Every structure is written in C-alpha cells, then in structure tokens.
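I opened my notebook today to look through one protein model, entry by entry. Here is what I looked up, in the order I got curious.

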Amino acid sequence: MARKTYRYICYLWGWMLLLLQGCSGGAYLLPSAIGSPYEVLVVADEAILKGEAGQSIRDVLNCPIPRLPQNEPYFSISQTSFDKFNDLLKPVRNIVMVEIDQEVQSPQLSYSKDVWANGQVVLRIKAPDNIQLQESIDNNKWRIIYFLNKAERERQIEWLKKNTDQNANDRLYEQMNVLLTLPDDLGKIKQGDNFFWTSNGAYKRRTDYVVYAVPYRSLSQLDPENLVVLRDSVMKANIPGGPEGSYMTTHKKVLPPIARIVNLNNAYCVEMRGLWEIEGDIMGGPYISLSQVDELNQRLITAEAFVYAPEMEKADLVRKMEAVLYTLRVPQKMNLEEISVEVDSIQQIN
C-alpha cells in the first residue's frame with residue numbers, strides 16, 4: 001500500500017510539473033541570472049570586438065557616471081566571441097550582443113528578458129555593415145546606458161522591498177504623506193518643518209536621505225537653477241556642519257549640478273545630480289535628487305540622497321541611493337502597483 005501511495009504521489013507531482021511548464025512556458029526551469037550588479041558581457045565576433053564598433057561599445061559602457069568627484073564607469077565589462085558564448089556565460093545578468101546582419105536594412109536596437117536566466121536582460125545591436133554598426137552605437141550611447149542602468153535599478157528596487165526600514169518609511173509617510181522605500185541600514189532620523197532626514201550615521205560610507213516640501217506656485221520652480229536655490233536654503237536651515245556656523249551647500253564652480261527630465265509614474269519629474277559641500281568645513285560628496293509636484297496638495301516635493309565616503313569609490317553607493325529615490329510616490333500615485341520610468345524606447349522582443 002505504501003509503495004502504491006508513493007508512486008501515486010510521484011505521478012501527481014510529475015503531472016503538476018508538466019502543467020506548470022505548460023502555463024509558464026518553462027520559465028521556472030531557468031536558473032537565476034549570475035554576476036554582480038552593473039556587470040555587462042559583450043558578445044560579438046572577434047572582428048567586431050577588435051574593430052571600431054567593439055571599441056565604441058566599450059567606450060559607451062566605460063562612460064563615467066556624471067557628477068562624481070572622481071571618474072567611475074557606469075559598468076564593468078567582460079567580452080567574448082559568439083563561438084565561445086557557452087552555457088556557462090549565457091546566464092549572465094546583462095548581455096549586449098553586437099552583430100552585423102545583412103538581412104536588416106537599417107540599424108536596430110532590441111531587447112529581451114529572461115532569455116537564458118531569470119532576471120536577465122539581453123540587448124541586441126544589429127546593423128547591415130560595420131560603419132552603420134559603429135554609428136548606431138555612438139548615436140544611441142545614452143539609450144544604451146539608460147536601458148542597462150534602468151534594469152539594474154529595477155533589480156535593486158526589488159531587493160529594497162525585502163530589506164526596507166519600515167519604521168523610517170512609516171514616519172516619513174506620517175509626516176510628509178509620501179512613500180519612499182528606505183533601506184534597512186538606517187538608524188538616525190531628524191524631522192523638521194516640512195523636512196525629513198534619515199541617515200546610517202556611518203563615519204565613512206555614510207548615506208543620507210532627505211525629503212522636503214514647499215508650496216507649489218508655478219512650473220518655474222522646477223527650473224534647475226531654482227531647484228538649486230531651494231536646495232541651498234533648505235539645507236542651510238536643516239543640515240549644519242561640524243564647526244559652529246557651518247552648513248551644507250551646493251558646489252557650483254568646477255562641476256555645477258546637471259538636470260534631466262524624467263517621466264516617473266507618468267508624471268513630470270526633474271532629476272538633479274551634483275556635488276555638495278560644507279560651507280566652513282572640508283566635507284563633501286555627490287548627491288542626487290528627484291523633484292515632483294504633488295498636485296493634490298499643491299506642494300513641490302523633493303527627495304534627495306547624498307553620500308560621504310572620502311577616499312573611496314562612490315558609484316555603488318550613489319546607484320543604490322538612486323534606486324531608493326525612484327520609489328518615490330506622491331499622494332496621487334500611492335495606489336500604483338509598479339513603478340514606471342520612461343526611457344527612450346527600445347523595441348522589446350518576446
């Protein structure tokens with residue numbers, strides 16, 4: 001009797017697996033994507049890798065992240081030829097395939113997800129000849145960077161959902177009526193008038209997040225120059241330095257802040273990147289912020305993150321903080337199930 005029961009259980013389990021495979025297209029059989037964040041594998045023929053198109057794609061992926069105190073590239077690159085692209089390499093999390101295809105009439109950029117692994121993105125760049133291939137890479141530099149960066153940011157956001165500081169999240173929501181998925185390594189919180197500040201308080205590799213609000217009067221408040229003026233006034237009032245009379249301000253001389261318009265959850269948003277410094281002290285580092293109008297309450301909301309990590313590379317810290325900021329939801333967007341960020345379109349191939 002026991003043997004019959006065992007065989008029945010095995011038969012039932014096998015039947016369930018077949019049903020699951022039929023429903024999911026076999027995706028459950030895929031391994032998890034491998035590799036570290038921001039690692040990219042470039043796959044191309046040897047002639048392309050050694051030629052100008054190969055150099056172009058390396059130059060794009062090695063492009064320095066803007067507004068860091070030192071040059072740090074967007075991605076860490078490895079490369080292989082198609083004939084060496086084996087099963088050990090296929091599960092890599094980010095793959096860029098560069099190829100000449102005489103059947104296409106003009107250069108094409110397309111992407112697929114979960115091709116050889118769950119959580120994977122594969123970006124394909126095709127052109128009918130070498131010249132058009134190189135031109136396509138050069139002309140689409142920022143689209144390539146934004147696409148791969150967005151894929152990594154989405155992975156980081158999924159990680160944040162499981163490793164969030166619920167106390168900090170709740171206190172931010174109760175005070176400011178906005179949502180932000182803050183990481184679980186924070187311990188210090190300071191609240192002021194329309195101002196929320198939380199930090200891990202580390203001596204080095206310090207990360208801080210602030211959210212502040214002012215009444216919204218006109219679209220001109222979202223001009224980059226006006227956002228910097230607002231930032232300086234808010235930080236001077238709320239973030240003192242160590243020496244008496246010192247305060248945080250924005251560095252404007254050598255590397256002034258830069259702005260980018262973002263469509264966050266179908267709403268107009270301004271991303272700012274720059275360097276902060278303490279007036280009257282020698283501290284400083286990079287910051288990134290997102291500013292958006294809360295239409296229900298007629299407020300301008302800014303969420304910002306800044307890092308202090310002297311004599312250290314800062315790219316990983318800034319990118320993790322960037323993911324936190326992109327979880328920002330103002331009241332009219334609270335019920336969204338997924339965060340959407342518009343990037344220049346690249347066709348998806350299923």
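**Entry 1: helix 8**

Is helix 8 (residues 315-325) mostly covered or mostly uncovered? I found it mostly covered, with nine of its eleven residues buried. I noted the cut-offs for burial: buried means under 20% relative accessible area, exposed means over 50%, and partly exposed is in between (1.4 Å probe, protein chains only). Helices here are DSSP runs of H or I with at least four residues, strands are runs of E with at least two, and both are numbered from the N terminus.

Before going on, I wrote down that this is a predicted model, where local features need pLDDT of at least 70 and side-chain atom pairs count only at pLDDT 80 or more, while totals for chains, interfaces and linings use all residues. Residues are numbered from 1 along each chain as its sequence is written, and side-chain values use heavy atoms, with hydrogens and water left out.

I then listed the buried residues of helix 8: A315, L317, V318, R319, M321, E322, A323, V324 and L325. They pack against helix 5, strand 8, strand 11 (267-279), strand 12 (284-294) and strand 13 (299-308).

**Entry 2: the whole protein**

I stepped back for the overview. I read off eight helices and 14 strands. Of the 350 residues, 45% are buried. The accessible surface comes to about 18,500 Å², and 50% of that belongs to carbon and sulfur atoms; such areas come from the Shrake-Rupley method with a 1.4 Å probe, and for residues only the protein chains shown count as cover. I also looked at contacts (heavy atoms within 4.5 Å). Among those between residues at least 6 apart in sequence, 62% join residues at least 24 apart.

**Entry 3: the nonpolar cores**

How many residues does the largest nonpolar core have? I got 64, and the residues with the most contacts inside it are I57, V98, I125, I144, L148, L182 and V211. A nonpolar core is a set of buried Ala, Val, Leu, Ile, Met, Phe, Trp, Tyr and Cys residues joined through side-chain atoms within 4.5 Å. I picked I125 and, leaving aside residues up to four places away in sequence, found that I125 touches I57, V96, M97, V98, E99, Q108, L109, L133, S136, I137 and I144. A second, separate core has 23 residues, including L222, V234, M235 and I278.

I checked helix 5 next, which has 22 residues and reaches 33 Å from its first C-alpha to its last, close to the expected 32 Å. The expected span is 1.5 Å times one less than the number of residues. Among the buried residues of helix 5 are I144, L148 and R153. Helix 7 has 15 residues and spans 21 Å, close to the 21 Å expected. Its buried residues include V234 and M235, both of which I had met in the second core.

**Entry 4: salt bridges**

I counted 15 salt bridges, each a side-chain nitrogen of Lys or Arg within 4 Å of a carboxyl oxygen of Asp or Glu.

- K150 pairs with E154, with the closest N and O atoms 2.7 Å apart. Both lie in helix 5, four residues apart, about one turn of the helix.
- D208 meets R206 at 2.8 Å, N to O. D208 counts as buried because its relative accessibility is 1%, whereas R206, at 26%, is partly exposed.
- D294 meets R299, also at 2.8 Å, N to O. D294 is buried at 0%, and R299 is buried at 15%.
- R153, R260, E271, R273 and E322 are linked in a network of salt bridges.

**Entry 5: two asparagines in a loop**

Where is N265 found? I located N265 in the loop between strand 10 (258-264) and strand 11, and N266 is found in the loop between strand 10 and strand 11 as well. N265 has a positive phi of about 55°, and phi of N266 is near 60°. N265 is buried, with a relative accessible area of 2%, but N266 is exposed at 64%.
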